[in-house]
Amino acid sequence: MMKCDKCGKDAVTFIRYAGIALCKEHFLQFIDRKIKREFREQVRFKKDDRVVIAVSGGKDSMLVLHEMHRIFGNWKNFEMVAVTVDEGVANEREHAIKIASEYSKKLGIEYRVIHFSDFIGVRLEDVVSKDHEIKPCTYCGVWRRKVLNEFARSINANYLVLGTNLDDVAQSIIMNVSRGDTARLLRLAPHKKIRKSFIPRIIPLRRVLEKEVKLYVTLAEIPHYSKRCPYAIHDIRNKYREFLNDLEKTDPSVKFAVVNFYDEIKPLLEKEYSHMEMNACKICGEPTPGTVCKSCQLLERYRTLALKNTESRYS
Ligand code: SF4
Ligand SMILES: [Zn+2]
Ligand SMILES: [Zn+2]
């Protein structure tokens with residue numbers, strides 16, 4: 001049996017990129033420290049801030065909820081509001097909402113559910129039944145960002161905290177590089193600059209691998225919902241996930257390397273692209289680099305398609 005390099009007890013994992021074996025206690029401590037360090041690097045919360053935590057009920061966001069409570073739970077006037085976005089996919093969110101609401105209640109964190117239908121005016125399911133070209137995750141991702149930003153702004157929140165893990169970040173970087181989308185590459189969270197109408201997003205799991213999140217929630221018995229969304233198989237990210245996971249087999253630190261490289265070039269790119277200002281979308285007023293935001297463009301597309309009655313290949 002492998003032994004913990006810190007205390008000699010039975011190890012639960014071997015961290016390949018660090019070359020150390022850890023027992024349950026030291027693994028949890030290792031991740032807790034990483035997350036605390038990440039908070040310190042990304043943000044200086046003030047004691048009277050109001051922070052929205054986006055909680056889907058999945059392992060990543062449930063770990064973030066747990067950590068927010070662990071680190072900031074005893075700050076007196078610091079307000080945390082956990083929120084689940086219901087995208088509008090039949091029978092999908094109910095169970096996750098139950099798990100997220102019960103855990104929030106247990107931690108003493110206010111909990112809310114917000115719906116695509118209230119903010120956008122349509123359910124994701126309606127869109128999927130009409131659009132044969134654009135993948136559901138594209139609509140979902142763009143609208144979720146918009147809905148969360150709008151909600152956070154409506155309650156005067158200072159920050160939005162998300163469960164984005166290291167795998168997600170590395171995938172987003174590679175994805176934007178392979179599309180040559182420098183503007184979007186530069187807009188990836190975390191956000192240090194405060195921009196008008198835009199609530200900065202903080203991602204404390206930025207240096208925690210997805211498999212580490214999995215192991216943490218299992219060992220710490222953090223409740224979470226693990227069923228995948230029915231549209232996840234169409235997600236373009238799957239290709240990037242496979243690509244990076246494949247590379248990781250021979251290079252255990254490749255995901256860290258991608259993120260570190262991004263951190264190094266970001267300030268240089270920012271200088272080069274400093275002229276790129278955000279405007280207010282001329283339809284909805286949300287911040288956008290162009291004149292009409294992506295969310296409104298997609299809504300317009302859906303409305304046009306809805307006029308033609310077509311069947312979905314996803315249903
Ligand atoms: S898998 Fe795609 S459609 Fe489903 S919740 Fe995630 S982003 Fe939305
Ligand atoms: Zn140990
Ligand atoms: Zn808009």
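The largest nonpolar core holds 64 residues, and Val 52, Ile 53, Ala 54, Leu 160 and Val 161 have the most contacts inside it. Helix 6 gives the most to this core, with seven residues. A nonpolar core is here a set of buried Ala, Val, Leu, Ile, Met, Phe, Trp, Tyr and Cys residues joined through C-beta atoms within 7 Å. A residue is buried if 20 or more other C-beta atoms lie within 10 Å of its own, exposed if 12 or fewer, and partly exposed in between, with C-beta atoms placed from the backbone. Helices (H or I, at least four residues) and strands (E, at least two) are DSSP runs numbered from the N terminus. In soluble globular proteins, nonpolar side chains tend to be buried together.

The model is predicted, so that local features need pLDDT of at least 70 and side-chain atom pairs count only at pLDDT 80 or more, while totals for chains, interfaces and linings use all residues. Residues are numbered from 1 along each chain as its sequence is written, and chains are lettered from A and ligands numbered from 1 in the order in which they are written.

The protein chain comprises 12 helices and nine strands. Its radius of gyration is 20 Å, close to the 20 Å that the globule rule gives for 315 residues, so the chain is as compact as a globular protein of that length. The radius is taken over C-alpha atoms, and the rule is 2.2 Å times the number of residues to the power 0.38. Along the principal axes, the C-alpha atoms fill a box of roughly 65 × 40 × 40 Å. Of the 315 residues, 33% count as buried. Among contacts between residues at least 6 apart in sequence, 71% join residues at least 24 apart; two residues are in contact if their C-beta atoms, placed from the backbone, lie within 7 Å.

Strand 3 (residues 50–54) includes Arg 50, which counts as partly exposed with 15 C-beta neighbours inside 10 Å. Apart from neighbours within four places in sequence, Arg 50 is in contact with Glu 79, Ile 155, Asn 156, Ala 157 and Asn 158. The C-alpha atoms of Arg 50 and Pro 230 are separated by 33 Å, at 180 residues apart along the chain.

Asn 156, one of the contacts of Arg 50, is found in the loop between helix 6 (136–154) and strand 6 (159–161). Asn 156 has a positive phi of about 60° although it is not a glycine, and it counts as exposed with 9 C-beta neighbours inside 10 Å. Glu 221, also not a glycine, has a positive phi near 55°. The loop between helix 9 (210–219) and helix 10 (237–250) contains Glu 221, which counts as exposed with 6 C-beta neighbours inside 10 Å. A cis peptide bond, with omega near 5°, runs from Ala 189 to Pro 190; Pro 190 is in the loop between helix 8 (182–186) and strand 7 (201–202).

The 14 residues of helix 7 (residues 166–179) should span 20 Å at 1.5 Å a residue, and the end C-alpha atoms are 20 Å apart, which agrees. The expected span is 1.5 Å times one less than the number of residues. Buried residues of helix 7 include Leu 166, Val 169, Ile 173 and Ile 174, and the buried residues of this helix pack against helix 8, helix 9, helix 10 and helix 11 (254–272). Just after helix 7, Gly 180 takes a positive phi of about 65°. In helix 12 (residues 294–307), the 14 residues reach 20 Å from first C-alpha to last, close to the 20 Å expected. Lys 294, Ser 295, Cys 296, Leu 298 and Leu 299 are buried in helix 12, and their cover includes helix 6.

Ligand 1 is surrounded by Glu 87, Pro 136, Cys 137, Cys 140, Gly 141, Cys 229, Tyr 231, Ala 232 and Asp 235, a residue being near the ligand if its C-beta atom, placed from the backbone, lies within 6 Å of it. This shell divides into six nonpolar, one polar and two charged residues. Ala, Val, Leu, Ile, Met, Phe, Trp, Tyr, Cys and Pro count as nonpolar, Asp, Glu, Lys and Arg as charged, and the others, Gly among them, as polar. Leu 124, in helix 5 (residues 124–128), is in contact with residues including Glu 87, Pro 136 and Cys 140. Leu 124 is buried, with 24 other C-beta atoms within 10 Å.
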